Amino acid sequence: MGYVDWNRRLFDSLIPLPDGTSYNAYLVRGSEKTALIDTVDPAMAGVLKGQLADVERIDYLVSQHAEQDHSGAVPLVLEMHEECTVLCSPKAKDLLVDHLGIPAERVRTVEDGEALPLGGKTLRFIHTPWVHWPETMVSHLPEDRILFSCDFLGSHVAMSGLYAGGDPRVYEAAKRYYAEIMMPFRKMIRNHLKKLRGLEFDRIAPSHGPVYDDPERILSAYEGWVSDEVSNIAVIPYVSMHGSTEAMVDHLAAALAERGVTVEKFELSVTDIGKLAMALVDAATIVIGTPTVHGGPHPAVYSATHLANALRPKLKYAAIIGSYGWGTQAVEKISALIPNLKVEVLGTVLCKGRPAEGTFAELNSLAEAVRERHASA
Ligand code: FEO
């Protein structure tokens, strides 16, 4: 059940959705009880209402995640079905009450590993906190060999088919989703993946994007993303106001490429921040390029640097480059923005006005330092 939202282009007023998304809900019918797993975004509550019109009973509404795009229609389902009890993790209960005004007496909490018999089918709940809220959990249906994972392993992509198959668009969207939403919780996700490896299932049914009918593919992709392994990639987010910083970036990019380092370059005034986040999933190095505005970095650089710090990518090295007019505190201000990045700073290259020979030589040295570190990483 649910809704494929082909036209949505922004999530949380922050995250670009170039390929739309979906809000998936699942109805599990046992011989004795029926459970609905998650609901839809509040804007689509009417769609779910229509889909549930011929469902006589919903004994349980399993709310795996309290964020509104999945819990938004919980109040409607409770209104339609007086017999229905919401099941959720202990941490989800307060969130559902506080964020959606759900009466506490209609909510029952479930423990990690608890099983819910439905008659010939069983839902077993596994707590997976911080994917990406503190209350998140997944549900395993062993009889049908399905794992319901809500946001975890999901993808923001609208498609007409039910299954992902081997469609590369889905795995691209899943990586974008991981980068933007899950990456800050990389180490916890590693443990959750180990838990999931202990379960038997043939399909993973997330609450965004199509159902995975080849679970190994998404699980192994995630295991790579959350590992400590970095790739020989330097990401260069930058802004240039009059071309000097861009000339520095272009020189450095060419010097890195000559040395066999893959470069991903993002001019921040036109960048899709999801693409930048995806590049940070595997990169070993970030080089921030900025002109100086009002004594510090360009506001777009502030914003992207704040985001990179919040996403906590597994970067190992960093550098700052840029041109300034007459004075600058860009390095000090950028350094203060990235306390979460546990990186070795390979250097800073700043120049007053247009870059000349000396600056290009410094950039060559920086490129060489990046190459050396990547070779030994
Ligand atoms: Fe899809 Fe965290 O909500």
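These notebook entries record what I looked up in a predicted model of one protein chain.

**Entry 1: the open sheet**

I began with the strand order. An open sheet of 5 strands runs S16-S15-S17-S20-S21, and the pairing is parallel. I noted that strand S16 (262–267) and strand S21 (344–352) each have a single partner strand, so one side of each lacks a neighbour in the sheet. From one strand to the next, the twist averages 15 degrees. I then looked for a helix against this sheet. Helix H8 (residues 244–258) packs on the sheet and touches S15, S16, S17, S20 and S21. The direction of H8 makes about 145 degrees with that of S20.

**Entry 2: strand S17**

I turned next to strand S17. How many bridges join S17 to strand S15 (residues 231–238)? I found 4 bridges, and the two strands run parallel. Within this pairing, Ala234 has Thr285 of S17 as its bridge partner. Towards strand S20 (residues 317–324), S17 forms 5 bridges, again in a parallel run. I recorded two pairs here: Thr285 has Tyr317 of S20 as its bridge partner, and Gly289 stands opposite Ile321 in S20.

Is S17 enclosed or open? I checked burial, for which a residue must have under 20% relative accessible area. In strand S17 (residues 283–289), 7 of the 7 residues are buried, so the strand is largely enclosed by the rest of the structure.

**Entry 3: the nonpolar cores**

I looked up the largest nonpolar core, which has 61 residues. Phe152, Leu153, Tyr178, Ile189 and Tyr222 have the most contacts inside this core. Helix H5 gives the most to the core, with 9 residues. Apart from this core lies another, of 27 residues, including Ala25, Ile58, Cys84 and Leu96.

I followed Ile189 in detail. Which residues does Ile189 touch, leaving out those up to four places away in sequence? I listed Val131, Phe152, Tyr178, Met182, Tyr222 and Val226.

**Entry 4: salt bridges**

I recorded a count of 21 salt bridges and examined several of them.

- Lys195 and Asp112 meet through their side chains at 3.3 Å, N to O. Lys195 lies in helix H6 (residues 186–197) and Asp112 in the loop between strand S9 (107–109) and strand S10 (115–117), so the pair ties together parts that are 83 residues apart in sequence. Lys195 is partly exposed, at 38% relative accessibility, and Asp112 is partly exposed, at 40%.
- Asp144 and Lys121 form a salt bridge at 2.8 Å, N to O. Asp144 sits in the loop between strand S12 (137–141) and strand S13 (146–150), and Lys121 in the loop between S10 and strand S11 (122–127), so the pair ties together parts 23 residues apart in sequence. Asp144 is partly exposed, at 28%, as is Lys121, at 22%.
- Glu172 and Lys275 form a salt bridge at 3.8 Å, N to O. Glu172 belongs to helix H5 (residues 168–182) and Lys275 to helix H9 (residues 273–282), so this pair ties together parts that are 103 residues apart in sequence. Glu172 is partly exposed, at 42% relative accessibility, and Lys275 is partly exposed, with a relative accessible area of 42%.

Terms used
Residues are numbered from 1 along each chain as its sequence is written. This is a predicted model: local features need pLDDT of at least 70, side-chain atom pairs count only at pLDDT 80 or more; totals for chains, interfaces and linings use all residues. Side-chain values use heavy atoms; hydrogens and water are left out. A salt bridge is a side-chain nitrogen of Lys or Arg within 4 Å of a carboxyl oxygen of Asp or Glu. Buried means under 20% relative accessible area, exposed over 50%, partly exposed in between (1.4 Å probe, protein chains only). A nonpolar core is a set of buried Ala, Val, Leu, Ile, Met, Phe, Trp, Tyr and Cys residues joined through side-chain atoms within 4.5 Å. Contact means heavy atoms within 4.5 Å. Two strands pair if DSSP finds at least two bridges between them. Axes are lines fitted to C-alpha atoms, for helices over the stretch in contact, and angles run from 0 to 180 degrees between N-to-C directions.
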